[in-house]
Every structure is written in structure tokens, then in C-alpha cells.
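Please keep the sequence and the model in view as you read.

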Amino acid sequence: MPRRSGGRPPEQRGPEAQLRQRHREILRVARLRSWPAILRPSRPSSSADSGAPEADLSLGSSRPRPADEGAVRCRMRVAYDGSCYHGWERYHGEPGHTVASVLECALSLLAGQDVRVQGASRTDAGVHARGQAAHFDLTCEAADRRPENWQSLWEQKLNGGLLPPDIKVFSLEETSLDFDARRSASWKRYIYRLHIGPEPADPLERWFRAPVYSGIAAAIGGDVSRLRAAAERFAGTHDFRAFSKADKSRPRLPTERTLQRVEVVDEGRGRCRIELDVNGALWRMVRCIVGCVLVAGAGRLPLSAIDEALANPAGVVPRWEAARAGGLCLEWVHYDDEPGF
């Protein structure tokens, strides 16, 4: 008998089988893209080499559906190197290689259902995370199919090869339907890592520590106290409209935020980090604050200009740019009512 080769062609498979195959292809592309270009294996059949369009990582609505009655909610922590991703959030109708889209594909294969993930923070393209929080819902049928030790088993499968090596999942557990990764969060800690010289930058940190333009670095002269003087101006509750980018998808979003703590830490050898604890960050808010701190620390902006922009943000023409994405990391999302998570 002649040997069968591969079963039915894709166009003759059922919709569920086609969706599973689509998830697997997206994860394959994600694993391939997670490696530096010089180390990527040659794949003549891949879309990158064949000239075919890249896999569309947008699978539908970007908003998770409301939890159905009897659904089971799960939550997890996620750490990722954002260098190769177009941010966390996947957007409706737009193809994009995002962290959430990759997670959803992997979780959908494990759960045997379509999974939508809601994150606590919509980090930008190139931004990293160590303690992102997220939740997703399972139907009763999918929840009943899980083995008794599903948490450890799923983490093992996700981190053991199903996800690309630049995304890791931990603290996977079941929670109540009242928990919402974004709305239940009390505050978030962001850290921006900088190299301000004059010592040479460590090449092994180039993806996670942002260098400063030579002119600004020379003006700062490695004096971290100049950055501290500027950073302290942002502490407290202010209207941060002038230190963010307008989000057209949410035109009525309030722009008042509370920066509970801002600290500039000298790490030696021309390195420092800026730690910010905030109850909620606007789009590019942290990066704009860091960019302003650098300009003010270099003496190109008076400290009084920061106070004026916070007090009267309307009509302010920023004299600073958002700092590079690669230096920013979402370190942790804190929940006052969930101390164990």
C-alpha cells in the first residue's frame, strides 16, 4: 500500500484543526524571531526566505470577552525580553508580533479552546518585563479537562519549548472572577537603566541598558546628583499630559497619576537606574519622564520648566523626547489585596 503523506490538506480540515495549525505556525515564527539574526537557522521554507507574507499574528478582537457564567479565571506572571516584539498588546485588525498574541497561541493549544489574555500593563515595542501580571478565562469544559497538577505541567510545557525562549511564565494559578490584572493592580514598578559614561558601556547589556547621546552624557559628566534633582520634581500627584503621548483609542482617559516614588540609583562604572512606582502609567509616560530628566540633568532645561509642565500641561511644547524603549523594564505589578501573587 502506498504510504499516506500528511493527511488532509489544510483547506479540507475543520475550523478547529485549522486554528490549531495557525497557532503552531505563529509559535514557530516567534521561536525563530527570538534569536539574534546571526544565529537564526536557515529555513528555506520559511516566509522570511520565500518572500511570502509573514504570519499574521492578529487573531481577532484584542479585548478579552467578559467572563461567561461558570467560567474559570486563571492568572500568571510573565517575564519577557521585549526586543523582538511589537509590545505587549495585540490590536484588532492589525498584524503584529506581540507578547500577548504569542501567549494566547500557546495557552490555546494547552487549553483546547480560544484563549484571550489581559495584561496589567500594555508595554511598548522593545520594552521588557520581569513581573508582568495577566489573567485569562477558561470554559467549564476546558477547565475540567485539566490534569490535577495542571499548574506545574502547563508551566513546564510553556517554558520548556512551547513558548520562545524570550518569554517565560511563572506563578500560574486559578483565581476568582473578581480579579482583573489591570483594574485590581495597586501600583507598578518600572525601572529604566542608563549608561551615562564616561566609562565604556558593557556590550552584554546593550539590549537592556540605554546609552545616552554623547552630547547629553558629556554635559551630565557622570554626575547622578544632577539627574536626582530633576527626577524629584515628578514625585506626587500631577497631570502628566505633557509627559505622555495621546492615546487616540481612549480620548477621555484621565491623565492625572500619582508617582509614589522616584529614585535615581548610582550603579557605578557610568551606570545608573531610575526607579518609578506609579499607580498607573500613561502611554510612554515613563520614557518621557526619563527623557526630560536627562535633558534637565544636562542643563538644557531649567528645573522650573518641569514644575510648569506639571502644573499647566495644556499647550506645553515638550523640549524633550521619550527615552529609548530598550532601557525600560516593568519590574513588578503590586496587588494590595493579593500579597501572595
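Begin at helix α1, which runs over residues 15-33: its 19 residues reach 27 Å from the first C-alpha to the last, close to the 27 Å expected at 1.5 Å a residue. As with everything that follows, this comes from a predicted model. Which residues of α1 are buried? They are H23, I26, L27, R28, V29, A30, L32 and R33. These buried residues have helical partners, packing against α3 (99-111) and α5 (150-162).

You will find 9 helices and 10 strands in it, and 46% of its 341 residues are buried. If you take the contacts between residues at least 6 apart in sequence, 74% join residues at least 24 apart.

Now turn to helix α7, residues 224-231, where the buried residues are V224, L227, A230 and A231. Viewed down the axis of α7, these buried residues fall within an arc of 120 degrees, so they line one face of the helix. What covers the buried residues of α7? Helices and strands both take part, including α6 (214-220), β8 (256-268), β9 (271-278), α8 (285-297) and α9 (303-311).

Helices α7 and α8 pack at an angle of about 125 degrees, and their axes are 8 Å apart. That angle makes α7 oblique to α8. The crossing of the two helices, α7 and α8, is right-handed. On the α7 side the contact is made by R226, L227, A230 and A231, while α8 contributes V293, L294, A296 and G297. Notice that L227, A230 and A231 belong both to this contact and to the buried residues of α7.

Finally, look at A229, another residue in helix α7. Is A229 buried, exposed or partly exposed? With a relative accessible area of 31%, A229 is partly exposed, since buried would require under 20% and exposed over 50%. The C-alpha atoms of A229 and A296 are separated by 8.8 Å, although the two residues are 67 apart along the chain.

Definitions and conventions:
Residues numbered from 1 in each chain as written. Predicted model: local features only at pLDDT ≥ 70, side-chain atom pairs only at ≥ 80, totals over all residues. Heavy atoms only, no water. Helix = DSSP H or I, 4+ residues; strand = E, 2+ residues; numbered from the N terminus. Expected span 1.5 Å × (residues − 1). Buried < 20%, exposed > 50% of the residue type's maximum accessible area, 1.4 Å probe, protein only. Contact = heavy atoms within 4.5 Å. Arc of directions from axis to C-beta. Axes fitted to C-alpha atoms, helices over the stretch in contact; angles between N-to-C directions. Parallel < 35°, antiparallel > 145°, perpendicular 65-115°, else oblique. Left-handed = near helix turned anticlockwise from the far one by under 90°.
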